[in-house]
Protein chains: 2
Amino acid sequence: MSYLAPYRDMQSLMRQAHQALGLSQFSSLDDYDLDLADAIIDEANKFASQVLAPLNQVGDTVGCRLEDGQVLTPPGWKEAYQQFCEAGWLGLALPEEYGGQGLPKYIAQPVNEMWQSSNLAFVMFAALAQGGTEILQKFANDDIKDRYLSRIVSGEWTVAMALTEPNAGSDLGVLTTKALRQSDGTYQIKGQKIYITYGEHDMAENIVHLVLARTPDAPSGSRGLSLFAVPKYRVQDDGQLSEFNDIRCTGIEHKTGLHGSPTCSISYGDKDACIGELIGEENQGLKAMFILMNEARLSCGLQGVALGELAFQKSLTYAHERVQGSIAGQGRVAIIEHPDVRRMLLDMRSQTYALRALGYRIAAMIDAKENSDDHQHVSRVAQQIALLTPIFKGFATEQANLTAGSAIQVFGGMGFVEETGIAQVMRDARITTIYEGTTGIQAKDLLHRKVRLDQGAALDELLASMRTDASLAQSNADLGLLAERFEGVLNTLEKVQRHILSDQADITELDAVAVPYLMALGGICSAWQLLTSAYRAAEQQDQDKEYFGNVMLLASFYFNNQLPKFEASLHTVLQSGSEVSQYRF
Amino acid sequence: MSYLAPYRDMQSLMRQAHQALGLSQFSSLDDYDLDLADAIIDEANKFASQVLAPLNQVGDTVGCRLEDGQVLTPPGWKEAYQQFCEAGWLGLALPEEYGGQGLPKYIAQPVNEMWQSSNLAFVMFAALAQGGTEILQKFANDDIKDRYLSRIVSGEWTVAMALTEPNAGSDLGVLTTKALRQSDGTYQIKGQKIYITYGEHDMAENIVHLVLARTPDAPSGSRGLSLFAVPKYRVQDDGQLSEFNDIRCTGIEHKTGLHGSPTCSISYGDKDACIGELIGEENQGLKAMFILMNEARLSCGLQGVALGELAFQKSLTYAHERVQGSIAGQGRVAIIEHPDVRRMLLDMRSQTYALRALGYRIAAMIDAKENSDDHQHVSRVAQQIALLTPIFKGFATEQANLTAGSAIQVFGGMGFVEETGIAQVMRDARITTIYEGTTGIQAKDLLHRKVRLDQGAALDELLASMRTDASLAQSNADLGLLAERFEGVLNTLEKVQRHILSDQADITELDAVAVPYLMALGGICSAWQLLTSAYRAAEQQDQDKEYFGNVMLLASFYFNNQLPKFEASLHTVLQSGSEVSQYRF
């Protein structure tokens with residue numbers, strides 16, 4: 001088996017998040033208890049390991065093809081898509097109103113993690129369906145909702161996001177695709193977009209492109225963008241498909257990884273026959289995109305966890321099998337006996353575990369936000385989610401790249417040979433620090449919009465939660481030392497906080513250390529989650545000495561081997577100097 | 001132009017190394033002065049940028065093919081090889097006695113760096129010729145030398161190293177290839193080897209395989225290995241080629257990178273007609289291999305520098321061209337104006353510069369060792385080279401992987417699209433931390449053979465050199481603070497030294513932090529070299545304010561942004577705990 005869900009961790013971290021956010025207080029969540037969640041995870045694991053995982057390497061080696069404007073997905077893709085939708089997996093967390101199951105996020109999160117571990121390239125349509133549904137629900141008029149939403153939730157139609165243009169990557173303000181209002185209220189769309197995931201494919205009967213475009217009289221910059229639903233085949237008033245909507249795939253990218261997921265260049269309205277329907281108001285497109293972007297960033301952070309897990313599993317299996325070198329008294333041994341290999345495996349495992357804990361916690365926060373009636377609480381939780389989003393996205397994906405690298409290292413020479421499949425994890429992971437906003441962009445978002453804008457209020461609250469958990473851990477004899485060290489790091493973080501918020505701070509110099517700052521916060525959040533898990537593990541130790549003992553070891557391993565580096569990044573932030581401006585390239 | 005030698009840095013660091021090792025004292029080096037060196041670098045740059053660099057991407061996209069047992073190299077490879085040898089580049093540092101030019105290493109090093117930057121996959125034969133020549137010169141009898149060496153130096157024949165077998169990667173002791181002595185003194189070779197770089201190709205008329213094999217009565221383990229020259233076509237007494245020597249290429253690897261360099265599986269003696277000639281004595285094969293291994297490790301470290309430089313150059317060019325985002329008061333800007341992009345570029349540049357300095361210094365050390373008559377000095381320098389070899393190999397290649405990752409990050413979405421060529425650098429770099437001994441193996445070598453074995457004597461001497469250079473730097477007002485911080489780090493390193501050498505040290509726990517230890521030493525050596533360069537730059541500032549000012553900025557940037565992480569790794573070593581042994585996988 002090339003992937004099996006880390007069932008035990010998932011179960012345990014789902015509970016940790018559930019408890020931390022007090023989800024049991026919400027009667028609206030009563031339909032779903034943790035036992036049901038376990039059962040769902042169990043089923044999803046079967047699908048992930050038996051259907052999706054076996055297609056992962058095929059997707060990489062065969063990839064997608066563009067033939068006469070049609071994108072052909074890898075062998076098996078189409079059938080797996082059919083099964084995925086029919087089994088109800090697509091609709092899992094989508095609204096019940098349109099045929100979904102409306103599952104809480106804290107349960108959907110581990111399920112999504114499995115999809116992403118077992119076959120990330122394949123499952124990218126699912127996050128698009130999730131984001132597209134949310135946008136249409138929030139912004140589209142009832143007519144559009146009625147005609148589109150149930151088809152998207154069922155998987156009959158897929159969603160594609162058309163944002164980027166050749167000259168506009170991170171900088172959406174300079175988009176030039178045009179939307180011309182017509183007498184019937186629809187718009188004629190014309191322009192070229194690139195980097196459109198599943199922009200064209202052969203798995204569903206229609207593709208709903210959500211296109212950012214500009215009306216003729218729109219203000220310049222990002223405030224002049226409107227969002228349109230632009231289906232590959234037009235959708236009649238009765239919801240039936242009619243003629244082809246003049247949307248052409250002009251190319252698919254030859255990418256380093258994610259070969260199974262077609263990344264399309266699309267030309268809209270070559271023959272002036274591409275019709276779009278406005279979603280929401282004109283010039284309000286970016287607002288809708290932001291919702292999607294935040295969703296996508298959290299999903300992308302989870303990809304970091306998922307690929308980290310996959311890298312760990314593959315190298316653990318290999319380390320058990322590969323005999324090489326000997327140890328005094330033991331003769332020749334499997335390489336898992338070598339301390340350096342164990343160190344690499346623990347690096348991978350502790351980081352992935354910590355980020356899983358963080359990701360599940362964020363999912364539970366979304367549930368808390370969506371189910372609470374206490375407006376003040378909702379807004380505080382929303383702020384925390386907003387603060388954690390760039391940290392989780394940026395840090396989890398950066399760490400996934402390192403983890404994939406360590407996995408190759410465990411494989412040695414075999415890691416460089418494509419047949420073993422481990423290099424694919426590295427190649428697939430490579431884009432995660434780039435798409436949905438590079439790490440640099442996450443870091444700027446964190447520094448300015450999430451920390452400086454509210455004068456550090458949200459971060460102060462996060463720190464307070466961390467201190468509460470640390471003092472709890474301090475009460476346990478085995479964890480006192482870790483808790484103490486953690487508090488030391490938090491003290492340094494507070495010094496950094498003052499430095500960043502100071503009136504004297506030089507913005508250029510701060511921007512130059514934004515990524516080290518994000519990385520430090522990512523490491524600190526990881527340490528926090530591990531400390532919390534270790535505390536819970538210490539309490540449950542008697543139930544399963546080996547498993548919970550391991551969890552406690554993960555925490556102390558991380559504190560010795562990883563945390564010092566992130567603490568060092570705090571010093572980098574404090575020492576931020578003018579070299580970056582002064583250097584002449 | 002896709003690559004241009006960093007001429008200015010090369011010139012300046014060649015002089016820095018020359019001075020540091022006092023090479024002007026050796027009259028045997030009088031034939032080569034620094035001006036001649038500059039001229040050679042200038043010529044090599046033309047060849048690298050005009051002939052080799054344009055073939056680099058072709059090598060990646062087309063790769064090698066195996067057809068009927070013949071390996072076909074990528075288009076242009078054969079012609080470039082011809083030109084390379086005819087222009088005398090192959091023989092540059094090879095012995096004059098056999099037709100080479102016997103250039104000192106401190107000049108050959110920047111030249112080799114250029115080859116590796118411009119087309120690493122192509123030029124891998126050169127290091128093999130270098131190592132093969134050295135082995136034959138030191139160990140082979142005169143007859144073999146006479147028949148083989150001039151052909152290797154001229155490039156008419158290439159060298160291949162056949163060590164690894166499917167079950168014996170890092171662990172040579174379990175090799176099973178057989179060598180049966182025959183009445184005429186030759187040996188019949190039989191066995192399967194894998195991972196043989198240029199083990200078969202179409203660029204030269206013969207290939208001399210240096211094969212590790214075992215005679216029937218040999219002791220088990222690595223002390224029973226003998227080394228044989230096994231040519232693809234047999235070599236008659238008069239040096240002429242005769243019949244095919246029963247050496248068959250059974251496959252080439254489908255690798256993540258270095259597609260232009262064929263990595264062959266070879267079957268020796270399928271028809272019992274493969275004849276080898278013993279090099280040196282029976283059972284002394286490993287001794288010869290060690291020489292080669294050390295050579296290869298230093299060459300591999302230089303690959304880290306070379307790929308780091310290539311990654312830096314490509315992303316610098318892109319950052320100047322790509323317009324994205326705006327800056328208040330400047331409107332839309334090239335991304336090089338964004339502080340985070342500048343940070344990434346400075347990360348790449350400072351690390352690559354530092355490792356270039358270290359690599360050139362090691363080359364100058366080899367010259368000092370080979371030209372000095374003072375036996376004590378020779379043995380001390382040899383010890384220093386032995387100490388620095390695993391650090392340079394391990395650290396430079398690990399950093400090259402990070403640098404290549406940062407380069408992709410500068411490219412953003414375009415970095416994930418293969419056409420831009422930057423992902424190739426990452427893929428090519430991926431093997432450098434694995435072949436010629438993984439980073440884990442370098443770290444064990446460093447910890448045990450290079451530090452613990454001599455009770456830290458060699459490292460103490462290295463530290464003394466560092467302290468001398470630091471106190472020199474301290475005399476300069478602009479560098480006082482850096483020098484002080486550096487001395488602080490050295491104090492921590494001394495604490496680590498005592499920890500490692502302590503009788504109470506737990507070997508398993510130490511082994512588990514061997515890599516962090518190596519990384520810390522790599523970072524410290526980098527900081528040392530940058531401090532030294534900054535000191536020299538401060539002295540020459542008036543000659544070129546911009547260039548030397550930049551060098552000083554590189555040092556302080558590295559001290560703020562990189563050194564803290566490596567200092568943190570020292571703390572990881574000090575806190576080495578038992579998690580690695582206790583954890584149950």
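In what follows, buried means under 20% relative accessible area, exposed means over 50%, and partly exposed lies in between, with a 1.4 Å probe and protein chains only. This is a predicted model, in which local features need pLDDT of at least 70 and side-chain atom pairs count only at pLDDT 80 or more, while totals for chains, interfaces and linings use all residues. Residues are numbered from 1 along each chain as its sequence is written, chains are lettered from A and ligands numbered from 1 in the order in which they are written, and side-chain values use heavy atoms, with hydrogens and water left out.

**Stop 1: two loops of chain B**

Select Asn283(B), which lies in the loop between β12 and α6 (285–321) of chain B. Helices (H or I, at least four residues) and strands (E, at least two) are DSSP runs, numbered from the N terminus. Asn283(B) counts as partly exposed because its relative accessibility is 23%. Its phi is near 65°, a positive value in a residue other than glycine.

With a relative accessible area of 45%, Asp272(B) is partly exposed.

**Stop 2: the divisions of chain A**

Colour chain A by its domains: domain 1 covers 157–284 and domain 2 covers 439–580. These bounds come from an automatic or database domain assignment. The domain centres, taken over C-alpha atoms, are separated by 41 Å.

Now select residues 39–156 of chain A, where an unreviewed UniProt entry places the feature "domain: Acyl-CoA dehydrogenase/oxidase N-terminal". UniProt positions are given in the numbering used here, feature names are shortened, and annotations may be inferred rather than shown by experiment. This stretch is 69% helix and 5% strand, and its end C-alpha atoms are 27 Å apart.

Continue to residues 160–268 of chain A, which the unreviewed UniProt entry gives as "domain: Acyl-CoA oxidase/dehydrogenase middle". Over these residues the chain is 0% helix and 47% strand, with end C-alpha atoms 13 Å apart.

**Stop 3: Thr215(A)**

Which loop of chain A holds Thr215(A)? Thr215(A) is in the loop between β6 (206–213) and β7 (226–231). Its relative accessibility is 4%, so Thr215(A) counts as buried. Display the residues in contact with it (heavy atoms within 4.5 Å). Leaving aside neighbours within four places in sequence, these are Ala179(A), Tyr187(A), Ser226(A), Phe228(A), Glu282(A) and Asn283(A). A C-alpha distance from Thr215(A) to Thr177(A) gives 8.8 Å, for a separation of 38 residues in sequence.

**Stop 4: salt bridges within the chains**

Side chains of opposite charge can pair when their charged atoms come close. A salt bridge is a side-chain nitrogen of Lys or Arg within 4 Å of a carboxyl oxygen of Asp or Glu. Over all chains, the structure holds 60 of them.

Select Arg349(A) and Asp9(A), whose side chains meet in a salt bridge at 2.8 Å, N to O. Arg349(A) lies in helix α7 (residues 339–371) and Asp9(A) in helix α1 (residues 7–20) of chain A, so the pair ties together parts that are 340 residues apart in sequence. Both residues are buried.

In chain B, select Glu418(B) and Arg427(B), which form a salt bridge with the closest N and O atoms 2.8 Å apart. Glu418(B) and Arg427(B) are each buried.

**Stop 5: the interface of chain B and chain A**

Show both chains and select their contact, which takes 82 residues from chain B and 82 residues from chain A. Highlight Phe416(B), Tyr583(B) and Phe585(B), which supply 13% of the area that chain B buries against chain A, more than any other three residues. Buried area is the accessible area (1.4 Å probe) that two parts lose on being put together, summed over both. The two chains bury about 7,000 Å² between them, 59% of it on carbon and sulfur atoms.

How many salt bridges does the rule find across this interface? There are two. A salt bridge between the side chains of Arg332(A) and Asp171(B) has an N to O distance of 3.3 Å.

**Stop 6: helix α14 of chain B**

Finish at helix α14 (residues 514–540) of chain B, where 25 of the 27 residues are buried.
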